[in-house]
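Please open the model in a viewer and keep the selection panel at hand. The stops below proceed from one selection to the next.

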Amino acid sequence: MQQIAELVNNAGHEVAFITTLHQDFSAYAISLNATQRNEWTKVKGRFKELTFNEPVEQLLLLASRVVEGRPQKENIGHIRQLIDIIGKSNAFPLRDYFEEEMAKKIWPLDLLSGSVLALALQQYGQNERSLFTFLNTDSFYGLDEFDAERQNFYGVANIYDYLSYNLYSFLGSKSNIHHTKWAEIKNALERVEGEVEDKEHMLYSTLIKTIGLLNIFSHAGAKLDKDFIVAYIELTSKLRGVGQAIENLEKRNLLGYNRYSRRFFYSETTLVNIEDAINEAGQEISRANNIVGFLNGYLPLAPVSAKRAYYERGTPRVFEYKITDDLYRASQPSGQVDGYINLVFSPNVTAAGILRESASQNQAVIYAHFLRVDDIRHCIEEIEKAEIARAKYASDKIIQRELGAIIDIQKSLLNYFLYEGFYDPESVRWYYAGRNITFENSRELNSFLSNIVDEVYPSTPIFKSELANRTKLSVAISTARKALLEAIINHENEEGLGITGFPPQRAIYLSLLRETGIHRLTEEGWILREIAEDEEDEYAFRPLFVACQAFIETTVGARRTVSEFYEHLQLAPFKLKKGFLDCWIPIYLLMKTDSFALYGQNGFIPEIDTEVLELLVKNPHQYSIKAFDTDGIKVRLFNQYRDLLSLTETNRTSNETFIKTIIPFFKFYRDLKPYVKQTRNVSRKAQLVRKALTDATEPEKLFFEDLPSGLGYDLIQLSNNPELLKQFSIDLQEAIRELRNAYEELLSRFEGIINSLWNNNNAFADYKAQLRQRYQGALKQYLLLPYQKTFYDRLCSPLDDRAAWLSSVAQATVGKTLDQITDKEVDQLQERFLNLIHELDNLNDMAMQNINLEQEEVFKFELTAPGSTVNQRIVRLPRNADPNFQQLEAGLSGMMETENRNTKIAILAKLLKQTLENEE
């Protein structure tokens, strides 16, 4: 199974695997050990189960078609009597077929035994298969063994015998959810067998079996009291003395009756009187107990999905239950919640009050007013009393079991009041928008929830994608969204955005952009465009475009965060899911980049890419949008900026033209080298223009305040004086040109330092070749220190790119590339470069002497003094000096031992100078 699942789940295989099971997937692992069951659970997780629970009424209908009972006149009278008995006690556990015609068709089964059989076979067997086995085979305790002389009907006790014999193994296993209750029946039968005479076994066992099965399969609202039990058994089994038998069992403490649940239970001997224990516990609780607090912790009310609305528009619409003792004043639903079902439990709330509140409510709220609050409160009190008594007698196992049974019964009764009356106008009344609503079943309620969604969220577009139209995107779909945005940026003009194969982003593209007509082929090619006409708005996206444009327009003159954009679309009449907005908002911003400016924590963002959009989706509160108030901008000044960019003049400004004008300025500054952004080796005007660009956070302020002010101009003067405006444009052009050329100037300056070695103006290829030739053949690289070796390697590098080669040599010289260098380091560059060249030259000169370093030591020195020429000498000494040399060296060293370093150097330098002069 696992291999099949892996094969089918492979996206490369277009295949679906569908099969049917005759029982729950987990049931196949019932005989496995814990480890094997865990492995089986993992296999189960690879499949999606679609559970089919056939209505139990269907089994009863099938039984009637097979049995086709033909009761005699006398039997028909008994049938009518039994229908009356069952009806008065509300004991029939099914919703349909409680009618005389059905009772005739299933005879000799009676309506109660037939419904119990159907429920049992659905719970323990295999529905129709087990039913037909019962009806068509000659099995022990089956229908063929019915004796019309001994019984009027094949009753509930007969059903017990059949189930116990044919399903014995399952009923006794812990896989049976009613395992404990069947064990109680068996235990009660064994006790009765030892307590009563043989001739009474039939009566007492029928009584025990009937009570046991009805306690399992009847609903909580059934009244299974003494009158009903006596009437039912005496009519179906022709047994007499049932009432006396019940009294005998109660006296012997084998049977008890709970007046709250109105049914019998099996009891055992204990020193504690259960009734007294419960009454005593009642002293510790108050009728003022909070019913809402109890129900909030008790009711397992999962949110309800409005199915039709989801199917039609693709957006999940979820209603959350709110349990209150007063009307819920709804706040705006948020997150995955789109509306509320308010369950009101209070006798003080009136229909008129609910009508008024619901009429004034503009949120998606429907009210359910429970009328049987006193009955519900009574059940809660009985549960709480039993819990208190249970805690008090924790060591008494019998009390624990009996009180546990009482709690279960009371909870069943509470469930009956809460759920069975959900669609009964006598128990619950529904209100919405100032009117009373009635529902027959959950299907009608769910359909009405979809109507509410249509009314409150009418502008929701149609976007059917389980991948993206949800509250939170998975990691895989978030990655697909990023890939989709990348495709839009790079391949908008291609069919299908250039997406090949069938990755998740293609599915999102098809449902969100292609099918809706947002990405379509026009005369200009494939483009993203707004849905502007109702005739082309098949998927109802036009209201969304209108709302998005309206939000952009509200940002004129004042920024608004992207998180506000999210909130705007998460309210009615849209209430879009965040997963959808995580896809839609970045796409819309890409479509409308010419209509607004985007700002991050570091100011204006001139270019929007996928990285920016990913951060925007993750932290929308850190990004803001602003459209420009272009009406007050001076057109002539604006056109001067456009002239700088070689753009055509415009008679009026717009957001689109403004964005296209400002972005090149910000890109220009962004692309400047770090050296250019800090150097002072440019003019004062260039520095002021650079500072204005550095500090700019608002494009409007940069254009019409900071740049003119930095160059010494006033906006009013520029507006009134055309000549001054022209001069401003010239000054700005010169400053920008100077900044643009500053890095090239630095490269040329460094080239000048290099060419100073030959006092010539060589081109890049020439001085590079001369440097290589300067040290080729003689210089011994293994004699170089690490920094000298690095410098030498950079000089001889095969790089053909002038800027890259110069920058790499500079890094070996001062530790930084030219684009990162500071003005101070520029000043150090010449001295450090020439020193390194000088060091290499000295080493090169020594290498040319054909020295044997294993036998000789070699030195090169250079002595310079004012008024004299430079003296350079290479001194070679044998490593094994003669004794006279060693003695003289030791004598000089000993005489200067007490002198400081500078004195020693001065004495030696003077002696060296005199010696060289004497040679001349």
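Begin with Lys-226, which counts as partly exposed at 29% relative accessibility (buried is under 20% relative accessible area, exposed over 50%, partly exposed in between, with a 1.4 Å probe and protein chains only). The model is predicted, so local features need pLDDT of at least 70 and side-chain atom pairs pLDDT 80 or more, whereas totals for chains, interfaces and linings use all residues. Residues are numbered from 1 along each chain as its sequence is written, and side-chain values use heavy atoms, without hydrogens and water.

Glu-247 belongs to helix α13 and Lys-226 to helix α12, 21 residues apart (helices are DSSP runs of H or I, at least four residues; strands are runs of E, at least two).

Next, select Asp-338 and Lys-577, a salt bridge with closest N and O atoms 2.7 Å apart. Asp-338 lies in strand β5 and Lys-577 in the loop between α24 and α25, so the pair ties together parts 239 residues apart in sequence. Asp-338 is buried, at 0% relative accessible area, and Lys-577 is buried at 2%.

Finally, select Lys-88 and Asp-84, whose side chains meet in a salt bridge (3.3 Å, N to O). These residues are four apart in helix α4, and therefore separated by about one helical turn. Lys-88 is exposed, at 65% relative accessibility, while Asp-84 is partly exposed, at 40%.

Terms used:
Salt bridge = Lys/Arg side-chain N within 4 Å of Asp/Glu carboxyl O.
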